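Thanks for coming. Please have a look at it while I talk.

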Amino acid sequence: MPDTIEETFALLSHKDNKVAYAALKTLQAESERSPVVYSFMDRLGEMLDSDNSYLRTRALTLLAYNARWDTDYKIDEVIDRYLTHITDPKPITARQCIQLLPMLAKDKPELKEVILGALHRANITIYAGSMQPLVYKDIQKALAEIEKLPANTGAEAGGTTSG
């Protein structure tokens, strides 16, 4: 594995998917521990528009894993583009996006309603018959998980909570 986060990040677009996947796993683990990958948020946002579905999936994953560190509202800037991947042309990418949304909503409660709205509006009829039930189930599971999250009432900022 490379020596620096910068070198590891560069491997996300490696033509050997095994190398790129290993880089993703390394960056994912680092994102759970520290905000060091957060400095790449703008580049991850650009990757959302990649022609390569693997790159889009890696960007979706790392954006979600770094939402907890999002003090500069980088996710808010790309949320509309992020949510278009609920119905990504590649159903595998769509499923990954949907499965990441509960994490995103938990770490960015101010985006909960926007995420729920996008899930409710998703048109999964674009997928072949065999994929539709899988995507539908992913959406239902994500909706259930997100709806269980506490409302963003501002209590985090020192307001009172009831119980």
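I will start with Phe9, which is buried, with a relative accessible area of 4%. Bear in mind throughout that this is a predicted model. Phe9 sits in helix α1, which covers residues 5-10. What does Phe9 touch, once its neighbours within four places in sequence are left aside? The list is Leu27, Phe40, Arg43, Leu44 and Met47. Phe9 counts as buried because its 4% falls under the 20% cut-off.

Ser34 belongs to the loop between α2 and α3. Its relative accessibility is 16%, so Ser34 is also classed as buried. The side chains of Ser34 and Glu30 make a polar contact at 2.6 Å.

Is Asn66 buried or exposed? Asn66 is buried, and its relative accessible area is 0%. Beyond its neighbours within four places in sequence, Asn66 is in contact with Ser31, Val37, Tyr38 and Met41. Take Ser31 from that list. Asn66 and Ser31 are 35 residues apart in sequence, yet their C-alpha atoms are 5.9 Å apart in space. Their side chains also make a polar contact, at 2.9 Å.

The other residue in that loop is Tyr73. Tyr73 is not a glycine, but its phi is positive, at about 60°. If you are checking backbone angles in the viewer, look at Tyr73.

Now Leu24, in helix α2. Leu24 has a relative accessible area of 6%, so it is buried. Leaving out residues up to four places away in sequence, Leu24 touches Leu12, Arg58, Thr61 and Leu62. Leu24 and Leu62 are 38 residues apart along the chain, and 7.8 Å separates their C-alpha atoms.

Leu24 takes us to the pocket. The largest pocket holds about 310 Å³ of space. It is lined by 16 residues, and those closest to its centre are Tyr21, Leu24, Thr57, Thr61 and Gln96. Which elements give two or more residues to that lining? They are α2, α4 and α6. The most comes from α4, which gives 6 residues. Sorted by class, the lining has 6 nonpolar, 7 polar and 3 charged residues.

On to the core. The largest nonpolar core has 47 residues, and the members that touch the most others are Tyr82, Ile86, Leu101, Ile115 and Leu119. Where do its residues come from? The elements giving two or more are α2 (17-33), α3 (41-47), α4 (53-65), α5 (74-83), α6 (91-107), α7 (112-121) and α8 (132-148).

Setting aside residues up to four places away in sequence, Leu119 touches Ile86, Ile98, Leu101, Ile139, Ala142, Leu143 and Ile146. Two of those names, Ile86 and Leu101, are also among the members touching the most others.

Leu119 is one of the buried residues of α7, along with Lys112, Ile115, Leu116, Gly117 and Ala118. Note that the set includes Lys112. Against which elements do the buried residues of α7 pack? They pack against α5, α6 and α8.

Asp138 counts as buried because its relative accessibility is 10%. Apart from residues up to four places away in sequence, Asp138 touches Arg95, Ile98 and Gln99. With Gln99 there is a polar contact between the side chains, at 3.3 Å.

Asn66 is buried at 0% and has a side-chain polar contact with Ser31. Leu24 is among the residues closest to the centre of the largest pocket. Leu119 is among the members of the largest nonpolar core that touch the most others. I will take questions now.

Note on methods
Residues numbered from 1 in each chain as written. Predicted model: local features only at pLDDT ≥ 70, side-chain atom pairs only at ≥ 80, totals over all residues. Heavy atoms only, no water. Core = buried A, V, L, I, M, F, W, Y, C linked by side-chain atoms within 4.5 Å. Buried < 20%, exposed > 50% of the residue type's maximum accessible area, 1.4 Å probe, protein only. Helix = DSSP H or I, 4+ residues; strand = E, 2+ residues; numbered from the N terminus. Contact = heavy atoms within 4.5 Å. Polar contact = N/O pair within 3.5 Å; in protein donor to acceptor, adjacent residues only side chain to side chain. 1 Å grid on protein atoms, 1.4 Å probe; cavity = no way out; pocket = protein on both sides within 12 Å on 5 of 7 lines; lining within 4 Å. Points joined across faces, edges and corners; volume = space filled by probe spheres on them. Nonpolar A, V, L, I, M, F, W, Y, C, P; charged D, E, K, R; others polar.
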